[in-house]
Amino acid sequence: MELKNAVTALSALAHPSRLAVFRMLVQAGHEGIAAGEIARRLDVPPNTLSSNLTILTNADLVENRRDGRSLIYSARYENMANLLEYLLEDCCDGNPKICARMGDMVLRGRCVKEGTA
């Protein structure tokens, strides 16, 4: 990932409403969530949500697809992973005390189902 792309992604996430939308989409999985449902859950006006989704889409953090009359938004996990990798690329100078903590955070995440690690 290039510095410019990382800055764009981080800038997109540097707003409470956009971060809330992104976290919701990450939790939703590949199925995604309809824009109207996102607006309802977060209690935001549709035009505000539309602006936030456009910024997240332009930062390549989310994508959408049409399902009938609805736009379904989902997180772009590969780009999220690239951003995290970029941020941690030279982390810790190999210090096991710090690096182990980063690994523990990943394992505590919901990416690993119980009993499969």
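This is a predicted model: local features need pLDDT of at least 70, side-chain atom pairs count only at pLDDT 80 or more; totals for chains, interfaces and linings use all residues.
The protein comprises 6 helices and 3 strands, which follow one another along the sequence in the pattern α-α-β-α-α-β-β-α-α. Along its principal axes, the C-alpha trace extends over about 50 × 40 × 20 Å. The mean pLDDT of the protein is 88, with 92% of its residues reaching 70 or more. Confidence is highest in strand E1 (residues 33–34), at a mean of 97, and lowest in helix H6 (residues 96–108), where the mean is 74.

Helix H2 (residues 16–28) and helix H4 (residues 46–58) have axes that come within 10 Å of each other and cross at roughly 70°. Because crossing angles of 65 to 115 degrees count as roughly perpendicular, H2 and H4 are therefore described as roughly perpendicular to each other. On the H2 side, the contact is formed by Ser17, Arg18, Val21, Phe22 and Leu25, which meet Leu49, Asn52, Leu53, Ile55 and Leu56 of H4. By class, the residues of this contact between H2 and H4 divide into 7 nonpolar, 2 polar and 1 charged.

Turning to the pockets, the second largest pocket has a volume of about 180 Å³. The lining of this second largest pocket consists of Met1, Lys4, Asn5, Thr8, Ala9, Asn58, Ala59, Asp60, Leu61, Asn79 and Asn82. The elements that contribute two or more residues to this lining are helix H1 (3–13) and helix H5 (77–88), and H1 gives the most, with 4 residues. In terms of residue class, the lining of the second largest pocket contains 4 nonpolar, 5 polar and 2 charged residues.

Note on methods: Residues are numbered from 1 along each chain as its sequence is written. Side-chain values use heavy atoms; hydrogens and water are left out. Axes are lines fitted to C-alpha atoms, for helices over the stretch in contact, and angles run from 0 to 180 degrees between N-to-C directions. Angles under 35 degrees count as roughly parallel, over 145 as roughly antiparallel, 65 to 115 as roughly perpendicular and the rest as oblique. Contact means heavy atoms within 4.5 Å. Ala, Val, Leu, Ile, Met, Phe, Trp, Tyr, Cys and Pro count as nonpolar, Asp, Glu, Lys and Arg as charged, and the others, Gly among them, as polar. On a 1 Å grid over the protein atoms alone, a cavity is a set of points where a 1.4 Å probe fits but cannot get out, and a pocket is an open set with protein on both sides within 12 Å along at least five of seven lines; lining residues have an atom within 4 Å of a point. Grid points are joined across faces, edges and corners, and a volume is the space filled by probe spheres set on the points. pLDDT is the predictor's confidence in each residue, from 0 to 100.
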